[in-house]
Amino acid sequence: MSLPKDFLWGFATASYQIEGAAETDGRGPSIWDTFCAVPGKIADGSSGVVACDSYNRTSEDIGLLKSLGATAYRFSIAWTRIIPLGGRNDPINQKGIDHYVKFVDDLLAAGIQPFITLFHWDLPDGLDKRYGGLLNREEFPLDFEHYARTMFKAIPKCQHWITFNEPWCSSILGYNTGYFAPGHTSDRSRSAVGDSAREPWISGHNILVAHGRAVKAYRDDFKPLQGGEIGITLNGDATYPWDPEDPADVEACDRKIEFAISWFADPIYFGHYPESMLKQLGDRLPTFTAEEVALVKGSNDFYGMNHYTANYIKHKPGSPPEDDFLGHLETLFYNKNGDCIGPETQSFWLRPHAQGFRDLLGWLSRRYGNPKMYVTENGTSLKGENDMSLEKIVEDDFRVKYFDDYVRAMAKAVSEDGVDVRGYLAWSLMDNFEWAEGYETRFGVTYVDYVNDQKRHPKKSAKSLQPLFDTLIKKD
Ligand code: GBH
């Protein structure tokens with residue numbers, strides 16, 4: 001079991017979850033600032049207004065990364081620091097650009113390769129208000145392309161660009177369940193606006209086209225000189241049939257992955273939506289124009305994979321309701337035999353099952369022609385961690401074991417199944433703003449003391465990755 005010699009590894013974060021400094025140096029509001037201000041949307045009533053204060057602590061964070069032995073760091077840029085109102089004719093904020101230029105210079109000086117995500121959910125609120133943000137098929141892709149070009153030009157040293165993080169979440173949680181910003185849903189007790197049966201599919205479509213536009217811009221005008229690579233990051237869980245003897249459950253397992261991942265990956269690799277989605281959603285799924293197909297098909301230099309958990313899948317009888325987004329099935333933690341997929345964590349949706357990582361890597365590799373891949377997120381929360389003493393928190397053996405199991409499962413996928421993984425970023429470098437769950441759920445390998453000046457305390461898991469990768473990465 002081993003990983004290639006030039007394998008990169010490190011940690012990941014996202015702008016709104018760690019930066020704070022919400023009004024510093026001309027930053028404009030994003031849809032998450034607006035969403036957090038609505039009572040009841042965030043579990044503990046918090047927001048990212050201070051978060052880990054990382055905007056003001058870049059050298060401390062880089063020092064931390066270095067001390068942990070990381071060779072790569074994935075972070076995201078806050079669009080509203082670059083273009084506070086968001087649009088292609090709106091003013092550019094040089095201070096915001098300077099901040100990230102210096103950050104990348106400092107990372108490189110520390111021997112750490114940046115992986116930059118352009119969009120990790122913090123859409124400029126100005127664009128949401130001006131034309132409906134992700135729902136606007138004409139404007140949104142053009143504004144995203146302009147913002148992406150601005151960053152490609154400003155940071156020629158970055159060799160790894162990620163256009164969008166988890167468009168599934170922006171689309172489904174933002175426009176179907178309303179659990180994430182901007183909170184649209186058909187449920188009128190939760191939102192005055194939204195159409196859960198239609199808006200998520202429009203949002204997903206527009207993100208694909210925006211991704212395609214940014215990739216074309218990079219390949220045409222920046223890649224020839226800069227030599228970097230660009231791709232999208234998709235989230236998806238592993239699936240196992242609730243009843244392996246029932247062909248309908250077996251089939252539902254693939255359908256679940258298609259609704260989560262292939263929704264985006266099929267257009268990118270094949271130029272069309274998956275058959276299973278067309279069948280269930282009909283004309284609620286937008287149709288690609290020829291121009292859109294040309295932009296989207298073949299638009300990944302690499303596949304970015306975010307992965308956390310696995311489920312047993314049980315098909316549902318009858319026909320699906322209009323607002324179904326899973327593919328007419330149930331996701332369960334127990335199978336027909338009563339076997340449990342994995343132990344509880346603080347996140348209701350997350351139970352460790354490392355074999356699923358290896359299996360899903362294989363599934364993706366087979367379906368998409370063995371693409372070059374980066375694992376751009378993988379990690380866990382820990383049941384009750386927020387209520388423990390600091391002494392207990394830093395002894396996070398559960399998280400150490402999670403990483404050990406998952407990284408070894410990945411190494412097996414690489415060395416035994418031939419999957420082409422080139423790098424791994426653990427989620428997350430530090431505890432941070434866990435979106436609708438606020439600060440109660442912690443995913444960091446570093447504890448952040450939010451009441452004592454955001455002080456960082458590395459946990460046991462922070463120091464466990466370097467020795468692990470040392471034994472796995474080939475020396476010559
Ligand atoms: C990642 O998403 C995010 O990229 C990152 O910002 C975040 O901090 C990290 O996970 C930890 O949560 O039952 O419909 O509400 C992980 C993928 C997909 C996990 C949606 C939670 C909720 C499903 N996420 N899922 S639902």
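Analyst: Start with helix 16 (residues 397-417), which lies across strand 10 and strand 11 (421-427). Its direction makes about 165° with strand 11. Here helices (H or I, at least four residues) and strands (E, at least two) are DSSP runs, numbered from the N terminus. Axes are lines fitted to C-alpha atoms, for helices over the stretch in contact (heavy atoms within 4.5 Å). Angles run from 0 to 180 degrees between N-to-C directions.

The model is predicted: local features need pLDDT of at least 70, side-chain atom pairs count only at pLDDT 80 or more, and totals for chains, interfaces and linings use all residues. Residues are numbered from 1 along each chain as its sequence is written, and side-chain values use heavy atoms, without hydrogens and water.

Eight strands close it in the order 1-2-3-4-5-7-10-11, with parallel pairing (at least two DSSP bridges between two strands). From one strand to the next, the twist averages 25°. Strand 7 (residues 302-306) and strand 10 (residues 373-377) run parallel, joined by four bridges. Asn306 has Glu377 of strand 10 as its bridge partner.

For Asn165 it is 3.1 Å. Alone, the ligand exposes 590 Å², and the protein buries 85% of that (Shrake-Rupley method, 1.4 Å probe).

Key
Polar contact = N/O pair within 3.5 Å; in protein donor to acceptor, adjacent residues only side chain to side chain.
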